[in-house]
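Biologist: I would like to go through this structure step by step. Please show it first.

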Amino acid sequence: MVTSLNFKTRFPEFTSETDERVEFFITDAYLEVDTSWGTLQDIGVSYLTAHLLALSNKSLTSSSSIGQVASKSVEGVSISYATNANDSTYLSSTSYGQRYLQLKKRVKVGMVKLV
């Protein structure tokens, strides 16, 4: 089970976060990373939690959007970003999300569907 203490030990860059805030994102991550991950569940939760925290902190300090630029206009100074809920762009936007995706692929490869 991932706790704020062992999360902060793995990711010391988040030690300034309150335990309550870290636990909030850990809870969210467990909704995405279930027991089908087996022995990789806690590490998956840890990396997804780090990803969520990093994006949350980025949104507090930056107005930049995530995603590929879909269109631009010069005179009107307008930029549109492409979004796709099924796209890995969101998770690829941080190194933590990239590692999470690698782990997720390992879990899918290890799964065997019985008919």
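This is a predicted model: local features need pLDDT of at least 70, side-chain atom pairs count only at pLDDT 80 or more; totals for chains, interfaces and linings use all residues.

Modeller: Residues are numbered from 1 along each chain as its sequence is written, and side-chain values use heavy atoms, with hydrogens and water left out.

Biologist: What percentage of the residues in the protein chain is buried?

Modeller: Buried means under 20% relative accessible area, exposed means over 50%, and partly exposed is in between (1.4 Å probe, protein chains only). The protein chain has 115 residues, and the buried share of them is 33%.

Biologist: Which residues does Phe7 contact, leaving aside neighbours within four places in sequence?

Modeller: Contact means heavy atoms within 4.5 Å. With those neighbours left aside, the contacts of Phe7 are Val2, Phe14, Val22, Ile26, Ser46, Thr49, Ala50 and Leu53.

Biologist: What kind of aromatic pair do Phe11 and Phe14 form?

Modeller: Rings of Phe, Tyr and Trp (its six-membered ring) pair if their centres lie within 6.5 Å; planes under 30 degrees apart count as stacked, over 60 as edge-to-face and the rest as tilted. This rule gives 8 aromatic pairs. For Phe11 and Phe14 the centres are 6.4 Å apart and the planes are at 75°, so the pair is edge-to-face.

Biologist: How many residues apart in sequence are the parts that Phe14 and Tyr96 tie together?

Modeller: Phe14 and Tyr96 form a tilted pair, with 5.6 Å centre to centre and 50° between the planes. Phe14 lies in the loop between α1 (4-10) and α2, and Tyr96 lies in helix α5, so the pair ties together parts whose separation in sequence is 82 residues.

Biologist: Is Phe14 buried or exposed?

Modeller: The relative accessible area of Phe14 is 6%. By the cut-off given above, Phe14 is therefore buried.

Biologist: Which residue lies over the face of Tyr47?

Modeller: Tyr47 belongs to one aromatic cluster with Phe7, Phe11, Phe14 and Tyr96. A charge sits over a ring if NZ of Lys or CZ of Arg is within 6 Å of the ring centre and within 35 degrees of the ring normal. At 6.0 Å from the ring centre, the residue over the face of Tyr47 is Arg99.

Biologist: Which element supplies the largest share of the lining of the second largest pocket?

Modeller: On a 1 Å grid over the protein atoms alone, a pocket is an open set of points where a 1.4 Å probe fits, with protein on both sides within 12 Å along at least five of seven lines; lining residues have an atom within 4 Å of a point. Of the 14 lining residues, the closest to the centre are Glu32, Trp37, Leu48, Tyr100 and Lys104. At least two lining residues come from each of α2, α3, α4 (89-92) and α5. The largest share, 4 residues, comes from α5.

Biologist: Is His51 buried or exposed?

Modeller: His51 is found in helix α3. Not counting residues up to four places away in sequence, His51 touches Tyr90, Leu91, Ser93, Thr94, Tyr96 and Gly97. Its relative accessible area is 0%, so His51 is buried.

Biologist: What does Asp19 count as by relative accessibility?

Modeller: Asp19 is found in helix α2. Leaving aside neighbours within four places in sequence, Asp19 is in contact with Ser4 and Lys8. At 43% relative accessibility, Asp19 counts as partly exposed.
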